[in-house]
Amino acid sequence: MIAVTFAALWGHWWRSPLQLFTLLAGLALATALWSSVQAINAEARASYDAASATLGEVQFDRLVHRDGLPIGQDTYIRLRRGGWLVSPVIEGRIGDVRLIGLDPLTAPGGMAPIGWSNMNDLQDFILADGRIIAAPDVVLDGVESDPAVAPGTAIADVGTVQVLLGRRDEFDALVVRPEQPLGQASLEEIAPELTRQVAQSGSDIGRLTDSFHLNLSAFGLLSFAVGIFIVQGAIGLAFEQLRGTVQTLRTLGVPMQFLVLLIVVELLGLALIAGSIGVGLGYFIAALLMPDVSATLRGLYGADVVGTLELRPIWLASGMAISIGGTVVAASTALWKLSRMPLLVGAQPRAISVIAGRGEKAQAAASAVLLLVAFVLALTADEILTGFVLLGALLIGAALGLPIVLRVLLDGVAQYSRGVIASWFWADTRQQLPGLSLALMALLLAMATNVGVSTMVSSFRLTFVAFLDQRLSSELYVTAESPEQAAYMVDFMTPQVDAVLPIMSAQVQISGRPTDVFGARNHATYRDNWTFLTAGLTPWKDVHTNDAVLINEQLARSADLQVGDVVSIGEQPLAIAGVYADYGNPIGQAIIAEYLFKILFPNVLPLRFGLRLPLEDVGAFVEGLQSEAGLPASSVINQASIKAYSLAIFDRTFTVTAALNILTLSVAGFAILMSLLTLTAMRVPQLAPAWAMGLTRWQLGLLELFRTVMLAVLTGVIALPLGLALAWVLLAVVNVAAFGWRLPMFLFPWDYAQLGGLAILAAGLAALWPALQLARTPPADLLKVFSNEQ
Amino acid sequence: MNSRLIFILLWLPLASLAQGFAGLGSGAEGFKLPETNPTFQFPSDDGSHPDFKIEWWYLTANLQGADGQDYGLQWTLFRTALAPKDYEGWSSPQLWMGHAAVTTPDAHFVAERLARGGIGQAGVTADPFEAWIDEWTFSGLDSGAVLRAAGPNFAYDMAMYAIGPRVLHGAAGYSVKSADGQASYYFSQPFFKIEGTLQLPLGDVSVAGEAWLDREWSSKPLGSDQTGWDWFSLSFDDGSKLMGFLLRGDSVFTQATLIDEEGTPVAYPDGAFTAEPIKQSQVAGRDVPTTWKVMLPDAGIDVVVTALNTQSWMDTSIPYWEGPVRVTGSHTGRGYLEMTGYE
């Protein structure tokens with residue numbers, strides 16, 4: 001019996017290959033998008049874990065020299081003998097490779113790639129020609145590859161690295177283990193020249209880029225939702241067609257539960273096939289996008305991500321799981337209805353609008369509730385998670401409400417229509433709406449997301465360009481390698497340029513937040529180019545004469561500070577004279593006058609300088625620097641090239657989202673195509689009367705085309721405000737929660753027009769084939785409607 | 001996270017498969033091996049022997065608090081060498097490990113330290129005697145000896161003085177560990193008076209009692225089939241002491257030394273000393289015997305040894321059981337028990 005039933009059920013798909021294709025293609029595409037995003041995310045996360053573990057600076061406190069000098073080995077021994085459980089770290093560069101030296105015995109868990117566990121490994125690591133373990137992308141003779149090491153980094157024993165870097169008996173930092181013993185001597189007693197740097201959870205690479213990845217995941221989820229809509233449509237219609245077969249089988253004696261089970265098995269099998277195709281496709285897409293993503297992350301956050309994709313089981317598994325899960329979700333309501341079907345009721349395909357009518361009230365209610373939730377959250381949300389909940393509620397609420405809004409619009413237009421064809425057209429459109437609604441919802445979501453994200457990106461770019469102009473106001477930036485060279489360079493440069501602006505900074509805590517504090521020279525450059533979000537009347541004057549401080553937006557937001565509040569660095573009180581924007585910085589930043597900086601941090605000597613000179617003199621001056629002062633080319637950076645580099649990085653940032661946008665729009669277009677094709681079969685009895693009364697088939701085809709395009713236009717009109725709301729949420733809620741700074745929102749009507757055109761084109765293309773098919777329906781088929789055979 | 005960072009889990013079972021407990025049965029690879037009829041020089045042999053692969057300075061103490069409660073204390077410094085030749089600086093093949101513990105009837109506190117040799121973070125000097133790792137120290141062996149260690153939630157600061165001589169085990173300090181002849185140099189200094197303060201979470205406790213120092217060094221002390229040992233150091237109320245150990249492998253190998261009040265040792269060969277578990281306890285997810293029947297019929301010793309705290313588990317990179325015990329039966333007294341290799 002199993003074989004026969006199975007054959008009967010499978011025969012249905014065999015007879016309608018289109019539905020089978022719709023089902024498989026929709027699921028595969030959706031899975032592909034989801035798994036490509038997950039693949040990128042998983043790859044990036046693995047790199048962050050390796051980077052964090054290797055550096056240890058995120059997880060553990062460190063002891064560093066107050067003046068940035070190296071720490072002597074004898075200091076390390078004194079600390080250990082004083083009861084401090086610290087572990088030495090030394091860092092340097094050999095060529096392009098960052099070399100880190102660790103002591104595997106004292107390094108806290110998670111830092112070193114070698115432990116006390118394996119004596120043979122330990123022996124090779126520690127003894128004479130110590131072993132070097134490097135990331136897979138490092139190309140050096142005699143190193144061992146280990147994917148757990150951060151990209152571009154190599155790790156060896158601290159003794160080995162001291163020798164390789166020619167720095168015996170010194171370290172750069174001492175990592176402090178979380179647990180320390182009783183009776184420890186105080187740091188001031190043993191090593192007063194050291195200071196303790198608290199583990200910077202605020203700059204945790206993983207958290208920073210969480211927002212970027214949430215963004216990507218949201219796109220993946222969106223695409224998947226669109227795919228589910230397709231699947232829902234296909235399954236719903238398939239089950240409608242299946243009713244005849246099911247009724248026959250049941251009257252032949254096949255039990256209902258058994259039938260349901262077989263259908264479920266069949267669907268799961270199809271889901272597995274589609275899922276596999278989808279995952280394979282997803283890997284391909286991810287591999288294409290990965291180099292862009294890693295360049296983006298490196299530029300934006302300094303996060304090192306390998307540019308190649310490794311096959312990781314987690315996203316394979318999640319792709320398959322979501323494919324199967326999605327099918328289950330999509331099929332469950334249809335199956336439930338099928339199982340409740342009375343045995344002997346006529347199995348005629350019913351007009352779809354009848355089916356849809358009952359659900360509409362529930363849908364309207366759901367939509368209203370979600371939009372209300374979104375409204376409330378818009379006023380109160382201040383975290384990434386609630387921001388995304390807000391986004392979800394807004395989008396889903398709008399999507400659910402779309403068919404109702406369209407129907408109301410159509411009702412209104414229908415009232416004013418004159419003429420038979422027009423009346424019939426509007427009525428028919430209204431009747432078509434439920435069948436197309438899923439596809440239109442998908443289109444709405446895709447268009448709104450496009451509008452929203454492109455608004456966000458363009459606002460960002462506009463602001464960023466202005467920001468770079470403000471920050472990179474010096475023509476040249478030079479970096480010295482030592483304080484002596486810096487002093488020599490200052491003497492050399494000062495007579496030749498308009499101004500030498502030293503860049504010096506130290507790390508402090510302001511209001512309990514880690515902050516970089518900079519000393520600024522009193523020069524017109526700052527007064528002319530700096531813009532503030534909020535400021536007193538004369539912020540720069542206050543800074544240079546009244547011991548005031550300027551802080552960045554991140555610090556102001558996180559510590560809840562405003563202009564006029566008083567903060568302190570150490571014992572020095574400072575009044576806040578202004579708050580400025582500081583995009584891309586994860587921690588706080590403050591600016592004080594140069595003379596005050598020198599008082600507070602007498603041992604910090606600037607090694608970087610901004611130089612003001614006329615633009616046409618830059619070339620000659622740089623040559624002079626290199627030939628007479630012997631400064632290597634890499635130490636001199638041209639402002640124009642920094643700007644270009646920053647902008648290039650920025651543009652690549654959103655290449656990924658742009659690519660995903662286009663893919664999403666295509667998937668939505670595909671959804672329309674599939675819905676229309678699936679409906680075509682059922683349209684014949686509805687169009688036959690119109691044909692019989694004189695409309696030619698070509699007229700009918702054209703009307704179909706027009707209908708789809710018109711519905712797409714209406715959807716687009718609704719998508720625009722939805723997309724702008726989405727952009728607002730991203731800029732004002734999600735970005736603020738993720739980064740701590742807010743971007744102003746700009747509008748770009750031309751972009752929206754372009755997008756609308758693109759969407760209409762997609763809809764039109766999607767409708768072309770079904771319209772053609774309709775126009776070429778053989779008259780005999782249309783006639784059959786009126787005979788007893790149909 | 002990197003799977004290689006899982007320190008402990010994979011190591012022990014693999015090690016005990018082919019190399020005896022804690023790898024002590026693996027090859028000697030160029031290190032010196034103990035020879036019969038050794039002559040020791042003191043104070044130089046109080047110090048370190050880098051030609052040998054493994055060595056320890058192992059102090060255990062049975063203490064009583066002012067309230068009459070029993071306590072146990074442990075201070076151990078292990079040295080292991082990755083290669084026979086020694087160097088200064090970070091290339092030194094010496095690795096040092098320190099274990100410290102305090103045991104009360106209700107609690108057991110453990111701390112571990114690891115250090116590289118050659119840089120001064122840990123080491124031993126023979127004259128004047130000092131053994132140290134980080135801020136832990138054991139200095140002096142006669143009068144005015146000092147013993148200090150600390151962990152995250154406990155610490156101790158003790159003063160000691162010796163009231164008896166060193167005692168050589170086995171054949172004048174050549175202590176055989178298996179029928180195949182693996183051996184180590186082994187002597188003890190079991191006659192110390194010790195007093196001081198224990199810093200514990202519930203408060204400081206003044207304690208006093210007796211301490212026992214074990215000194216042992218070798219390069220391949222175990223046979224590759226030997227999975228662990230049970231070691232007893234018992235101090236009887238009549239002034240005599242007993243050191244006995246049982247090595248578990250394909251067959252059981254035992255040795256014992258009976259020490260009289262003057263410090264004169266009598267060595268007993270394999271089989272003379274027997275120890276049988278009477279009661280097992282669940283310790284750290286393992287079945288560990290915590291009450292033993294210990295017999296040395298040739299000396300009229302038939303005692304039951306009971307752990308003060310069955311949960312005396314040393315949760316260190318290489319875990320084992322070590323804790324104070326009470327002795328009842330033909331003789332009464334206190335002592336220490338060490339059990340290794342229980343999985």
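Predicted model: local features only at pLDDT ≥ 70, side-chain atom pairs only at ≥ 80, totals over all residues.

Guide: Residues are numbered from 1 along each chain as its sequence is written, chains are lettered from A and ligands numbered from 1 in the order in which they are written, and side-chain values use heavy atoms, without hydrogens and water.

Visitor: Which residue is the bridge partner of R93(A) in strand 4 of chain A?

Guide: Strands are DSSP runs of E with at least two residues, numbered from the N terminus, and two strands pair if DSSP finds at least two bridges between them. Strand 3 (residues 86–94) of chain A runs antiparallel to strand 4 of chain A, joined by six bridges. Within this pair, the partner of R93(A) is R98(A).

Visitor: Which residue in strand 7 of chain A does R98(A) stand opposite?

Guide: Strand 4 of chain A pairs with strand 7 (residues 153–157) of chain A in the parallel sense, over five bridges. There, R98(A) faces T153(A).

Visitor: Are helix 12 of chain A and helix 22 of chain A roughly parallel or roughly antiparallel to each other?

Guide: The axes, lines fitted to C-alpha atoms over the stretch in contact, with angles from 0 to 180 degrees between N-to-C directions, come within 10 Å and cross at roughly 155°. Angles under 35 degrees count as roughly parallel, over 145 as roughly antiparallel, 65 to 115 as roughly perpendicular and the rest as oblique. The two helices are therefore roughly antiparallel.

Notes: Helix = DSSP H or I, 4+ residues; strand = E, 2+ residues; numbered from the N terminus.
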